[in-house]
Amino acid sequence: MNTKKGSLAWDNLKYDLQPWIKDGITSLGFPTMTPVQASTIPLLSGNKDVVVEAVTGSGKTLAFAIPVLQKVSEYMYNQDEDGEINGPPKKGHMLSIILSPTRELASQIQSVFKSVIDFLPEDKAPIKTQLLIGSISNVREDLAHFLEKRPQILIATPGRLLDFLSSQYVKTSLVEIAILDEADKLLDISFKNDVVTILKKLPKQRRTGLFSATISSAGDAIFNTGMNNPVKVSVKSKNISNNAAPSSLLISYMFTNPELKISILLKLLSDYQYKKCIVYFPTCTSVKYFYSVFAKLVDDENLNFFSLHGQLASKPRLKTLQNFTEGDATTGKFILMTTDVAARGIDIPDVDLVIQIDPPTDPDVFLHRCGRTGRANKVGQAIVMLDANNKEENYVDFMEVKGVAMKEMDAPKTPQHEAFQSRFRKFQLHDRARHELAVKSYVGFVRYYSKHLAHSIFRMQSMDYLGIAKMYGLMRLPKMPESKYINNDLMPEDGWLGEPIDMDNYKYANEEKENSRIENLEATKLAMINEAKKRKELKVKNEAWSSKTEKRETKGERREKMKRKREAIEKKIMEEDSEEEDNMVDWKDIVKSNKKQKNSTGILAFEGL
Ligand SMILES: Nc1ncnc2c1ncn2[C@@H]1O[C@H](COP(=O)(O)OP(=O)(O)OP(=O)(O)O)[C@@H](O)[C@H]1O
């Protein structure tokens, strides 16, 4: 669907919004609609189901929040044919459900709703939202809040909502509109069952909206959502045809040797001009690990690091995101170290740089990660590091086919690398726990790499295991099946990546842990001594047994020897006989006649010879 230029003023919207909503939006400082809003709001506020694909940062949240508020307002404030007003729905009922794959996004969506609801005139019955996400509160508390406050709009992650809906006090019969934000994620294997079960609990006559920058990836799963003749709304980037990324976003790639990635990252973070940067790491452990490394080894006081990953509880997760979002960028540079938990939907206007030290395993996520910057026509840059030695350059063409164009940039020089590596080693030597976390991160990365959907580009066989191990600050390669891919000529002796260290004396900084390690070490040594003793005893027993066997063998051998001797005699006799052939005496005849004799006399045939 195309929206004509110049038609983006809110007054030109082809649907009559409630006046308070229109006032609210313009008061928010949005004088015009975005194209996706102009296309979607009239359809979804009216009687159409929609499947919306529009580039990251194009305003999809308001494109569904406005129709939801419109429907809720119409239900609560409009008179019906008899002049009656419904008012707020009865206790236990809600009017709308919004699903999000992550807690952070659910919480952000709630803020967008709140920003508009704030403009609701006081003389109207209040419109309320409730957040239903794991681990902030339990289901019983959620239920108590729901029954007491009577929110009309629930914003939830699927698992928690499903638990909540199973209560007999929760009624879904009045639900007018359901939204799936990041719908392709909600319909993938991780959420699909819950989401479909939830949707089946809702009235068939509701409206449904599916939203994402990569909705096409949901494939046939969208037919499981109970939509009626949905309209597809597709808003691509302006200027460049077939561009799946917004035109305000510059996506760059650089080739690096994996060993240098961390040095390059730190160089970029120090030298680049930006306010806020999101750095994507492959796993939760790697975020935890490098966050602890940077806290000790990065001297640049201008850099403020935050760590956000899925292993954190909800409260600190939301708090970290809030601190990063609200951080005053005039006082320094803010860096969020995170995983794909913050890849989708997160809208932090000051983010002007995104760095991916590795591409994500799912190519669709690449666009979502990059799209945390260059939003709402603001300029942003996303950089991804690729390992040219492992032919990862093919990723550039691969993404281009998917409508994501990238430009090459040179990796910055890293003269500080050697010095950093030596400080890194000292950092590791200071605490055995650090190296353990390093090993865990490295192993996690190898597993992560094996999960790339584009596995013909990201090949396990030719990965730079040694370079990556050095990047993770490993002192020794762990034993793992994938090590078989390391070329024998390159394999360091005993896996040591530098000077070997005495592992028995490699201490934990934590006293309790160290004491327990020493205890374990001594116990292990003792067990080894006992084991050696046992082995020795066993050896003695085995020797006794084997000498017996030897004797038995000797008997057998002797029997064998006798047999061989007898055979030799027989052979000799036979040979002698054959020498006497000239005498015309046939040995066989003798045998035959002897046999006959034997048969008649019972005397051994050869005796006559
Ligand atoms: N009409 C508008 N005019 C200007 N800015 C807007 C308008 N509507 C929304 N925005 C702003 O655009 C930014 C991006 O919006 P939003 O988060 O809804 O994007 P999105 O399309 O959902 O992106 P993603 O696909 O990454 O989730 C927000 O900061 C929002 O405040």
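Biologist: Is Gln-205 buried or exposed, and what is its relative accessible area?

Modeller: Buried means under 20% relative accessible area, exposed over 50%, and partly exposed in between, with a 1.4 Å probe and protein chains only. Gln-205 is exposed, with a relative accessible area of 66%. Before we go on, this is a predicted model, in which local features need pLDDT of at least 70 and side-chain atom pairs count only at pLDDT 80 or more, while totals for chains, interfaces and linings use all residues. Residues are numbered from 1 along each chain as its sequence is written, and side-chain values use heavy atoms, with hydrogens and water left out.

Biologist: Where does Gln-205 sit among the helices and strands?

Modeller: Those elements are DSSP runs numbered from the N terminus: helices are H or I with at least four residues, strands are E with at least two. Gln-205 falls in the loop between helix 8 (192–200) and strand 6 (207–212).

Biologist: Now the backbone. Which value does phi of Asn-229 take?

Modeller: Most residues other than glycine have a negative phi. Asn-229 has a positive value, near 40°. This residue is in the loop between strand 6 and strand 7 (231–235) and counts as exposed at 67% relative accessibility. Asn-377 also has a positive phi, near 65°. Its place is the loop between helix 12 and strand 13 (380–386), and at 62% relative accessibility Asn-377 counts as exposed.

Biologist: And is Glu-182 buried or exposed?

Modeller: Glu-182 is buried, with a relative accessible area of 6%. It is located in the loop between strand 5 (177–181) and helix 7. Pro-101 is 81 residues away along the chain, yet the two C-alpha atoms are separated by 7.0 Å. Met-385, in strand 13, is buried with a relative accessible area of 0%.

Biologist: How many residues of helix 9 are buried?

Modeller: In helix 9 (residues 261–271), 8 of the 11 residues are buried, so this helix is largely enclosed by the rest of the structure. The buried ones are Lys-261, Ile-262, Ser-263, Ile-264, Leu-265, Leu-266, Leu-268 and Leu-269.

Biologist: Let us turn to open spaces. What volume does the second largest pocket have?

Modeller: Everything is done on a 1 Å grid over the protein atoms alone: a pocket is an open set of points with protein on both sides within 12 Å along at least five of seven lines, a cavity is a set where a 1.4 Å probe fits but cannot get out, and lining residues have an atom within 4 Å of a point. Points are joined across faces, edges and corners, and a volume is the space filled by probe spheres set on them. The second largest pocket comes to about 360 Å³. It is lined by 17 residues, of which Lys-185, Asp-188, Arg-344, Asp-362 and Val-365 are the closest to its centre. Helix 7 (183–186) and helix 12 (363–370) each supply at least two residues of that lining.

Biologist: Why does this pocket lie between domain 1 and domain 2?

Modeller: Domain bounds come from an automatic or database domain assignment. Domain 1 (10–235) and domain 2 (249–416) both give residues to the lining, so the second largest pocket lies between them.

Biologist: How many cavities of 30 Å³ or more does the structure hold?

Modeller: There is 1, and the largest cavity has a volume of about 60 Å³. Its lining draws at least three residues from each of domain 2 (249–416) and domain 3 (419–508). Among the lining residues are Lys-261, Asp-358, Phe-445 and Tyr-449. Lys-261 is also one of the buried residues of helix 9.

Biologist: Last topic, the ligand. Which residues come nearest?

Modeller: A residue is near a molecule if one of its heavy atoms lies within 4 Å of it. There are 19 such residues around the ligand, and Gly-57, Lys-60, Thr-61, Asp-347 and Arg-375 come nearest.
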